[in-house]
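Please find below my note on the structure under review. It is arranged as numbered points, each limited to one topic.

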Amino acid sequence: MNPPEEARPRVWWHWMNGNITKDGIRKDLEWMKRVGIGGFHHFDAALDTTSVVKERLVYMSPKWKDAFHYAVQLADSLGMDMAIASCPGWSNTGGPWVKPEQAMKKLVWTTHAVKGNRKVSLKLPHPDATTYPAKGGKPWYQDICVVAMKNAEKGTAMSLTAEKNGESSHVVFPIPSSYPSGIKALSINDGFYRSIWAAQPAPVSKWLEGSDDGKTYRRICDIPHGSISWQTINIPTTTATYFRIVYDKQPPRTPQIRLFTAARINHVEEKAGFATPSDMMDHPTMASMEDAVPLTDVVDLTDKMGPDGKLTWNAPEGDWLILRFGYTLTGKENHPAPREATGLEVSKIDKDAFTAFLEHYLNMYRDATADNIGKKGIRALLIDSYEAGWETWTPRMAEEFERRRGYPLLPWMPVLTGQIIGSAERSENFLFDWRTTIGELIDECMYENAADIAHKKGLETYFEAHENGRLYLVDGMAAKSHSDIPMAAMWTIITDKKLDNSSATMAESDIRESASVAHLYGKKFVAVESMTVNGQAGGAYSYYPGSLKPTADMELACGANRFVIHESSHQPVDDKRPGLGLGIYGQWFNRHETWAEQAKPWLDYLARSSYMMQQGRNVADILFYYGEDDVVTSLYGRQHPDIPFGFQFDYLNKKALLDLITFDGKHFVTPSGNQYKILIIGKGCQHFSPAVEQKLKALKEQGAPVFYEERQPIAQMTAQIQPDFRADDARNLRFVHRQTDDTEIYWVNNRENAPRTLNATFRVSGKKPMLWRAETAQIEDVSYDISADETHVVLPLLENDAVFVVFKGEAESPKVTLEKQKESLLCTINTPWTVAFDEEWGGPKEAVFPQLISYTESADNGIKYYSGTACYTNHVTIDQINPQQERFLLDLGAVGCIAEVTVNGKQVGTLWKTPYKIDVTDAMRKGRNELEIRVTNQWANRIIGDQQPDCKKQYTYTPVKFYKADDALLPAGLMGPVRIWVKETEYSQTIINHKSK
């Protein structure tokens, strides 16, 4: 089966820091087309890549535009799809044409305490302002308002000095005893930060201790790292004479601390949107009414301050805290872009600013391509996963807040600084409204707006969102719902390796989020930024189809059906190999990869799998509603919902619940035609807006089965539903179910490193099952037994296997049992092998291997460190050939890592995963048979060989040095044993005989 172009994988094609040539463009794209890549997403990136070309092409210069136009024309002529990223680099949306007033902004403020019952005349301190550009620029700042609060507390600020600890391993910072003993909250800035990636719990390296005598201290509470410089926490009610902060390691800088005798908003920096960790709501604000300022004691003084910051006010009686609010730039720039293409990130919550940015950006490409944008040339716009930081203000924020939430913003703004207004509950509810407003603005001003602009220009859209945890305040499903092709990302699964990137569980959640959007909204494609690698975790230049397949299969298991392989850097020259890459990020899949020309069978596997997963509609029984104040990759980035095996589910967000879901008396249904049996309200739901409460109430009044996870286990909810799929051994097993008008398509994935035979049960009756193998396009009969409402199938699965079980057409018999085909060993090839190497890569012209070994066991360094393709030749004598009664299977044993098999001059096939076994019957003949096995291994061994002290010639070039001389080599070459098996062919005759009864 040759799948259509829409099913073929795409790649991310990075132009690195102006290293561009037309010769390289032509060779890149022709290679992509040759091996079965259907298109590419173009990026212009940098990552400090050094120049390897005679002339560096500057972004959007005439020569750059000429090269880009050439690439567009060539891609069109080859029938390849082309998308562009939404800015130079990939961080999000920014560039040097973005003006400061259009850029991302943050809320800033200063406080000043005054006594009332007098006329106050003073110049209010100016909030900190961001200077842009950092060198030679000017501070950029605008005032918002001035607010005063009666009897509000201003925290006491101080820098702490460490005391001598003797031999203690801890670093102790005593708080001066002159401070009042009743501390209820503190804010601290010490240079420690928690990671914003991967939804990891905040590290704890410091804690607060108290003492009554200054000698014996007790631990009061931990102080977790914050996401930004300051971290505010409430402290358990404690009375002590002495306080100190203890570190288990030296902080990066001298701690600054603010102490409060009244409670503050717990973790206010995060709840106010200055950061968005996944666990912010695990820290509720516990406070009494005496800690709160009444709303009536908040006074607007904006008109009392002049342009110079001077405040003139007749202050009523009392102690007043005056807050001067303004906004400045976040200073965030698009990255990692060439220096000429780097500028401010545009605001994501200012529609006018974003519109101006994107129109300018797309017009530059329209000019560069001579108007080849839309139906031809550039056909899509990609917004990559978000890396632009947090934004907390736009000039229309107060107006937008009141329009959406129904009450004015200004009296509540002190809550954003940590002050409790009205009560802790009312303040927390305001912060929820604040976060919701920012999230809605991002959704509308960036994603919905970008889709509208792109569509008017004839462009499709790919949108990613968070990928890791909760990186900003937009709902991921809402953002992706505006795209034509919702997209996610998955890093290559590396056993026992983990750096600060997306975990497998989080990536599964990201893909399932995108798939849920596609299913609910009736979108055909679910794209995945696929098989990304962090070379620092190990394995740079060591990947090949067999090691990548488990990751690709996991992506399919989560609902993906369009692979966008990460990544394929442009190779401008041929004398630098493996060549340019995307810094530490791979998997370095480009035309200089050792197995680049052997990639087509692998890409065909991905394409056939994608094609099948694009058919019909997804079948799932469960809708899982996750709430309004968190996202899928945050809530379920570490642990999936506890859905019993045998059932599929789709995530549901607020927007889809309100806009799409109805109940027809039997199923929850969507306009796209999807049906679900039950709706589960996840236990992570902490807020229910009035609209959501009304919708849920209406559904329940119709008799819809709505369940709450916090009230009962999910297994009890599904007890009355027939599973869609069962197996006698469900360990490490995944399935997907697609449905067309007349066909049921199941995909089953064995994630074990060993073969097994499953007795599987499918929720289908009356149709004939067939086994489809995507790697070979072969269709096989299976044993099955049909009952009233399901079909039992015997599934023989290889290690890390993935097969389609297709039910189509009426079954001629309710039960078919196939005899197991017998295999017997014919011979083991023990004669010496002649091996031809490529001398260009350090190998000998020819060598004889008396017995098969890994190259790494050779005493010849040219073989030991060889990378590339080597040709093994041998022969075998067969006395009898009878293809009607038996088939010959060539089993290569261990291979590192891809083998192309030719028998008697006839190309039989390419083997890229275990088992390295192939039917060679049709190429065999009676008597002597010539065998040729072309084996290709990975680059890593040659790169390590180049690091050896006695290496006289450097064969490889990599921009990043991943390997040292003593790093372990990878098994390489044909290692065998090579055997020929004979397989009986009575299999089909058994089926015919059974059918005839």
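The points below concern a predicted model, and they take up helices, cysteines, backbone geometry and selected residues in turn.

1. Crossing of helix 5 and helix 6. Helix 5 covers residues 397–405 and helix 6 covers residues 424–456; their axes approach to within 10 Å and cross at roughly 105°. An angle of 65 to 115 degrees counts as roughly perpendicular, and helix 5 and helix 6 are therefore described as roughly perpendicular to each other. On the helix 5 side, the contact is formed by Met397, Glu400, Phe401, Arg404 and Arg405. Helix 6 contributes Phe430, Asp433, Trp434, Thr436, Thr437, Ile438, Glu440, Leu441 and Glu444. By class, the residues of this contact between helix 5 and helix 6 comprise six nonpolar, two polar and six charged.

2. Cysteines. How many disulfides does a search of the whole structure find? The search returns zero. In general terms, a disulfide is a covalent bond between the sulfur atoms of two cysteines. The criterion applied here is a pair of cysteine sulfur atoms within 2.5 Å. Cysteine 445 takes part in no disulfide, and the nearest cysteine sulfur, belonging to cysteine 87, is 18 Å away. With a relative accessible area of 7%, cysteine 445 is buried. Cysteine 871 is likewise in no disulfide; for this residue the nearest cysteine sulfur is that of cysteine 897, at 16 Å. Cysteine 871 counts as buried, its relative accessibility being 13%.

3. Helix 8. This helix runs over residues 504–521 and has 18 residues. From its first C-alpha to its last it reaches 26 Å, close to the 26 Å expected at 1.5 Å a residue. Helix 8 is mostly covered, with 15 of its 18 residues buried. Glycine 522 follows helix 8 and has a positive phi, near 75°.

4. Alanine 504. This residue belongs to helix 8. Glutamine 722 is 218 residues from alanine 504 along the chain, and the C-alpha atoms of the two are separated by 29 Å.

5. The bond from arginine 577 to proline 578 is cis, with omega near 0°. Proline 578 is placed in the loop between strand 23 (562–565) and strand 24 (585–586). The bond from glycine 976 to proline 977 is also cis, again with omega near 0°. Here the proline, proline 977, is located in the loop that joins strand 53 (973–976) and strand 54 (979–984).

6. Positive phi at residues other than glycine. Methionine 60 is not a glycine, yet its phi is positive, at about 65°. The residue is found in the loop between strand 2 (39–45) and helix 2 (62–78), and methionine 60 counts as buried at 14% relative accessibility. Tryptophan 588, which is not a glycine either, has a positive phi of about 55°. Its place is in the loop between strand 24 and helix 10 (600–613). At 2% relative accessibility, tryptophan 588 counts as buried.

7. Leucine 798. Where is leucine 798 placed? It occupies the loop between strand 40 (791–797) and strand 41 (802–810). Leucine 798 has a relative accessible area of 29% and is partly exposed. Not counting residues up to four places away in sequence, leucine 798 touches Asn750, Ala754, Pro755, Arg773, Lys913 and Pro915.

8. Threonine 902. This residue lies in strand 49, which spans residues 898–903. Threonine 902 counts as buried, at 13% relative accessibility. Which residues does threonine 902 touch, not counting residues up to four places away in sequence? They are Gln907, Val908, Glu930, Leu931 and Glu932.

Conventions:
Residues are numbered from 1 along each chain as its sequence is written. This is a predicted model: local features need pLDDT of at least 70, side-chain atom pairs count only at pLDDT 80 or more; totals for chains, interfaces and linings use all residues. Side-chain values use heavy atoms; hydrogens and water are left out. Axes are lines fitted to C-alpha atoms, for helices over the stretch in contact, and angles run from 0 to 180 degrees between N-to-C directions. Helices (H or I, at least four residues) and strands (E, at least two) are DSSP runs, numbered from the N terminus. Angles under 35 degrees count as roughly parallel, over 145 as roughly antiparallel, 65 to 115 as roughly perpendicular and the rest as oblique. Contact means heavy atoms within 4.5 Å. Ala, Val, Leu, Ile, Met, Phe, Trp, Tyr, Cys and Pro count as nonpolar, Asp, Glu, Lys and Arg as charged, and the others, Gly among them, as polar. Buried means under 20% relative accessible area, exposed over 50%, partly exposed in between (1.4 Å probe, protein chains only). The expected span of a helix is 1.5 Å times one less than its number of residues.
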